[in-house]
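Take the fold in steps, from the overall layout to single side chains. Keep the model open beside the text.

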Amino acid sequence: MFFLLASFMMVSLQMDRTQNIQVALPQATQAPHDFKPDMFNIAVDKAGGVWLEKRPVSLPELDLILSNRFRVDTNLPVYISGDRDTMHGAIADVLEAVRRVGVQKVAFMVTGPETVK
């Protein structure tokens, strides 16, 4: 029974991954780790390019994909991550697209504070 419980815990920890491009996230004092497979992960790179699960998309494409997913699940949680050097306007454009569709659960991914050595 213990082996079954331990193996289940190990498998569930491996499922805790997001499908996103690598970006340098800004820091925050507290960043809760709350990833679920049904979350919608959007990333914005330094140049302002929008990525959806490691695939580049334009803002009109993002609108269409988001509206289709939102029709299926009106409780859709969306995570937006932006590179530390991304211009504020690019993140605001993505947030506006998410809000325009009607999504209420929006969060921003950040990293924890850097430790000084």
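Begin with exposure: a residue is buried under 20% relative accessible area, exposed over 50%, and partly exposed in between, using a 1.4 Å probe and protein chains only. This is a predicted model, in which local features need pLDDT of at least 70 and side-chain atom pairs count only at pLDDT 80 or more, while totals for chains, interfaces and linings use all residues. Residues are numbered from 1 along each chain as its sequence is written, and side-chain values use heavy atoms, with hydrogens and water left out.

Now the layout. The protein has three helices and five strands. These are DSSP runs, numbered from the N terminus: helices are H or I with at least four residues, strands are E with at least two. Along the sequence the pattern reads α-β-β-β-α-β-α-β. Of the 117 residues, 30% count as buried.

The strands form an open sheet in the order β3-β2-β1-β4-β5, with mixed pairing. Two strands pair if DSSP finds at least two bridges between them. β3 (56-57) and β5 (105-108) stand at the edges with a single partner strand each, so one side of each has no neighbour in the sheet. Further in, β1 (residues 40-44) and β4 (residues 77-82) run parallel and pair over five bridges. Here I42 stands opposite I80 in β4.

In soluble globular proteins, nonpolar side chains tend to be buried together.

F2, in helix α1 (residues 2-14), is exposed, with a relative accessible area of 68%. Together F2, L5, F8 and M9 make a nonpolar surface patch of about 500 Å².

Next, helix α2 (residues 59-72), where S67 sits. S67 is buried, at 18% relative accessible area. Its side chain reaches the backbone oxygen of L64 at 2.9 Å.

What joins D63, E96 and R100? The answer is salt bridges, each a side-chain nitrogen of Lys or Arg within 4 Å of a carboxyl oxygen of Asp or Glu. The protein has two by this rule. D63 and R100 meet at 3.1 Å, N to O. This pair links distant parts of the chain, with D63 in α2 and R100 in α3, 37 residues apart. R100 also bridges to E96, with the closest N and O atoms 3.3 Å apart. R100 and E96 are about one helical turn apart, because four residues separate them in α3. E96 is partly exposed, at 46% relative accessible area. The shared partners make D63, E96 and R100 one network.

Finish at the loop between β2 (50-52) and β3, where E53 lies. K54 is in this loop too. Most residues other than glycine have a negative phi. E53 has a positive phi of about 50° although it is not a glycine. For K54, also not a glycine, phi is near 65°. E53 is partly exposed, at 36% relative accessibility.

Technical notes: Patches are made of residues with over 30% relative accessible area and no salt bridge: like charges are joined within 9 Å, nonpolar side chains (Val, Leu, Ile, Met, Phe, Trp, Tyr) within 5 Å. Accessible areas come from the Shrake-Rupley method with a 1.4 Å probe; for residues, only the protein chains shown count as cover. A polar contact is a pair of N or O atoms within 3.5 Å; within protein, one must be able to donate a hydrogen and the other to accept it, and residues adjacent in sequence count only if both atoms are side-chain atoms.
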